[in-house]
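Biologist: Could you walk me through this structure, one feature at a time? I would like the general idea and then the case at hand.

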Amino acid sequence: MMDEKVIAVINKYNGDKGQLISILQDIQAEYYYLPKEALVQASEAMDIPLSHVYSLVTFFKAFSLEPRGKHLVSVCLGTACHVRGVARVLDKIERSLDIGRGETTKDHKFTLETVNCMGCCAVGPAVKIDGEYFGQMSTDKVDPLLAKFE
Amino acid sequence: MITLSIDGRELKAEKGQTILQVASENGIDIPTLCYHEALEPYGACRLCVVEIFKGGRSRVVASCLYPVEEGLEVKTSSPRVLDNRKMILELLLARCCKNKVIQELAAQMGIEQPSFKPEYLEDNDCILCGLCVRACEQVVGVSAISLVNRGITKEVAPPFFEAATACIGCGSCYYVCPTGAIKMEDKGDTRIIHNWKVEFKLKKCKVCGNYWAPEKQLDYIRDKLHLPEEFFDVCPDCK
């Protein structure tokens, strides 16, 4: 099966082998994770051994081989966020989404992950959703924030 | 030409050679597990550490990767080197506490028993030196296996931990592995490499009737070198 999305991404980079990471990132942006078929296809189309591709995607934490939700919620557990009570915020998010860390909601809308520092300690407790930062989080801000990403 | 000294001996070397290469050419023994002359040096096992002296300072470096320099002074078994090497072996022994090769190397360094508590010992055979992965890529040219995951979960595996579809059954990984971590056996007309979950039919020699090499490997070589169809019908012994 030839997937046109994968071919389109590879063509965008003219099949440049040196751009493999960018290509995989773009494929992941399409599917929210890296499906096995897409990796096999990219490996064949770009003439890169599948073992190299697999080695690379298992090395970087940013790549996921498991299906992920449409929105990625990253909760900062860094020192500054920790002392400002991010644990309660994380707890509230877990209850609202009914998932634990590293898990994805059944409707594939949200994936929840924790990170160790996002470099925005001044606005902690910090939560990042799809690359957008939300500072000074509190438990009562959680549900309205998640509602924005339905 | 570069002049350097290793263990007090004045030696000549070509530019671009590594300390390990120059040492072994001159019969100076430096232990190593991850070096193979047919492959690019990789610096994974760290056993080949030596102490180098220049500009009044000394450093411990991996000799398999360090290119020789004019006037470099190298010591392959100074107290500092032996300390380092001993620690590396302690760690390897903790990972592979039942592996014969590692046990013997450790014994040579005077380590009879692992120094770590029993609960920290692992019964692993693979030291993650990457020789199999590199041989498969650089010599065989198929890259059927690779290093997967990272940190404490790193291991050598075929893609997706499934049967290695690219593997041609040549067994280079098995032959090059320094610790015997790869399990391969030829049973009748079949070769099995257990680690990569693959089986190959072996080719029968038309003269002696022995099964002598995997058909897939012979097809691969024939394609690569444009050899005639019947080239491998007879085994090398009968030719």
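Modeller: Happy to. Chain A falls into two parts, domain 1 (4-59) and domain 2 (71-147). Their C-alpha centres lie 29 Å apart. Keep in mind that this is a predicted model.

Biologist: Thanks. Let me start with a helix: which residues of helix 1 of chain A are buried?

Modeller: Here is the general idea: an α-helix has 3.6 residues a turn, so residues three or four places apart point the same way. Now the case. In helix 1 (residues 4-12) of chain A, the buried residues are A:V6, A:V9 and A:I10. These residues sit on the same side of helix 1 of chain A because they cover an arc of only 95 degrees around its axis. A:E4, A:A8 and A:N11, on the other side of the helix, are exposed.

Biologist: And what covers the buried residues of helix 1 of chain A?

Modeller: The cover includes helix 2 (20-31) and helix 3 (36-46) of chain A.

Biologist: Next, the backbone. What should I look for when I read phi and omega?

Modeller: Most residues other than glycine have a negative phi, and most peptide bonds are trans. A:N14, which follows helix 1 of chain A, has a positive phi of about 55 degrees although it is not a glycine. This residue is found in the loop between helix 1 and helix 2 of chain A.

Biologist: Is A:N14 buried or exposed?

Modeller: A:N14 is exposed, with 7 other C-beta atoms within 10 Å. Compare that with B:F160, another residue other than glycine with a positive phi, near 60 degrees. B:F160 is placed in the loop between strand 7 (155-157) and helix 5 (172-176) of chain B. It counts as partly exposed, with 17 C-beta neighbours inside 10 Å.

Biologist: Which peptide bond is cis?

Modeller: Look at the bond from A:G124 to A:P125, which is cis with omega near -5 degrees. A:P125 lies in the loop between strand 2 (110-115) and strand 3 (127-129) of chain A.

Biologist: Let's turn to chain B. How many helices and strands does it have?

Modeller: Chain B has 6 helices and 11 strands. Its C-alpha trace spans about 65 × 50 × 30 Å along the principal axes. Of its 239 residues, 35% count as buried. As for contacts in chain B with a separation of 6 or more, 53% come from residues 24 or more positions apart.

Biologist: Last topic, the nonpolar core. Which residues touch the most other members of the largest one?

Modeller: The largest nonpolar core has 73 residues, and those touching the most other members are A:I27, A:L39, A:A42, B:I19, B:C48, B:C132 and B:I145. Helix 4 (residues 131-140) of chain B gives the most to this core, with 5 residues. Apart from this core lies another, of 15 residues, among them A:V73, A:V75, A:C76 and A:V89.

Biologist: What is B:I19 in contact with?

Modeller: Leaving aside neighbours within four places in sequence, B:I19 is in contact with B:V50, B:S63, B:Y66, B:V68 and B:V74.

Methods
Residues are numbered from 1 along each chain as its sequence is written. Chains are lettered from A and ligands numbered from 1 in the order in which they are written. This is a predicted model: local features need pLDDT of at least 70, side-chain atom pairs count only at pLDDT 80 or more; totals for chains, interfaces and linings use all residues. Domain bounds come from an automatic or database domain assignment. A residue is buried if 20 or more other C-beta atoms lie within 10 Å of its own, exposed if 12 or fewer, and partly exposed in between; C-beta atoms are placed from the backbone. Helices (H or I, at least four residues) and strands (E, at least two) are DSSP runs, numbered from the N terminus. The arc is that of the directions from the helix axis to the C-beta atoms. Two residues are in contact if their C-beta atoms, placed from the backbone, lie within 7 Å. A nonpolar core is a set of buried Ala, Val, Leu, Ile, Met, Phe, Trp, Tyr and Cys residues joined through C-beta atoms within 7 Å.
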